[in-house]
Amino acid sequence: MNFELLEQSIQYTFNNGKYGEDGFKKRIFKNVKRDATADGLAKVGSAIASLQDDTLGAATLIQKQGIPLVDQA
């Protein structure tokens, strides 16, 4: 019995003093392609951070997977 990937998103954490006491802001982007690479996602996050004059603090891949309730073997 295997999991079925339903969807995946990426959460970026951007660091900058302009974001208040914590100094960071998290943003989630949906509909990440199944074949996306870690390197590619990191490059996208860095590019977005650069456009906002931020630094990229973290990137987290979020996956939602379905669990089959009946074994179809």
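Which residues make the nonpolar surface patch of about 390 Å²? In this predicted model, the patch is built from Met1, Phe3 and Ile67. Ile67 sits in the segment that follows strand E3, which spans 55–66. Its relative accessibility is 57%, so Ile67 counts as exposed, given that the cut-off for that label is over 50%.

Now for the sheet. Three strands line up in the order E2-E1-E3, forming an open sheet with antiparallel pairing. The edges are taken by E2 (24–29) and E3, and each of these pairs on one side only. On average, neighbouring strands in the sheet are turned by 20 degrees against each other, if direction is ignored. Helix H1, made of residues 38–51, packs on this sheet and touches E1, E2 and E3. The direction of H1 makes about 35 degrees with that of E1.

Zooming in on one pair of strands, E1 (residues 4–15) and E3 are joined by 11 bridges in the antiparallel sense. To pick out one example, Leu5 has Gln65 in E3 as its bridge partner.

Strand E1 also holds Gln11. Is Gln11 buried or exposed? With a relative accessibility of 19%, Gln11 counts as buried, because the cut-off for buried is under 20%. And what does Gln11 touch, once its neighbours within four places in sequence are left aside? The contacts of Gln11 are Lys26, Arg27, Ile28, Ala58, Ala59, Thr60 and Ile62. Of these, Lys26, Arg27 and Ile28 fall within the range of strand E2 (24–29), while Ala58, Ala59, Thr60 and Ile62 fall within that of strand E3 (55–66).

The loops have something to show as well. Asn31 is found in the loop between E2 and H1, and Asp53 is found in the loop between H1 and E3. What is the phi of Asn31? Asn31 has a positive value of about 60 degrees, even though this residue is not a glycine. For Asp53, too, phi is positive at about 60 degrees, and Asp53 is not a glycine either. As for the surface, Asn31 has a relative accessible area of 72% and is therefore exposed. Asp53 reaches 66% relative accessibility, so Asp53 counts as exposed too.

Terms used
Residues are numbered from 1 along each chain as its sequence is written. This is a predicted model: local features need pLDDT of at least 70, side-chain atom pairs count only at pLDDT 80 or more; totals for chains, interfaces and linings use all residues. Side-chain values use heavy atoms; hydrogens and water are left out. Patches are made of residues with over 30% relative accessible area and no salt bridge: like charges are joined within 9 Å, nonpolar side chains (Val, Leu, Ile, Met, Phe, Trp, Tyr) within 5 Å. Accessible areas come from the Shrake-Rupley method with a 1.4 Å probe; for residues, only the protein chains shown count as cover. A salt bridge is a side-chain nitrogen of Lys or Arg within 4 Å of a carboxyl oxygen of Asp or Glu. Helices (H or I, at least four residues) and strands (E, at least two) are DSSP runs, numbered from the N terminus. Buried means under 20% relative accessible area, exposed over 50%, partly exposed in between (1.4 Å probe, protein chains only). Two strands pair if DSSP finds at least two bridges between them. Axes are lines fitted to C-alpha atoms, for helices over the stretch in contact, and angles run from 0 to 180 degrees between N-to-C directions. Contact means heavy atoms within 4.5 Å.
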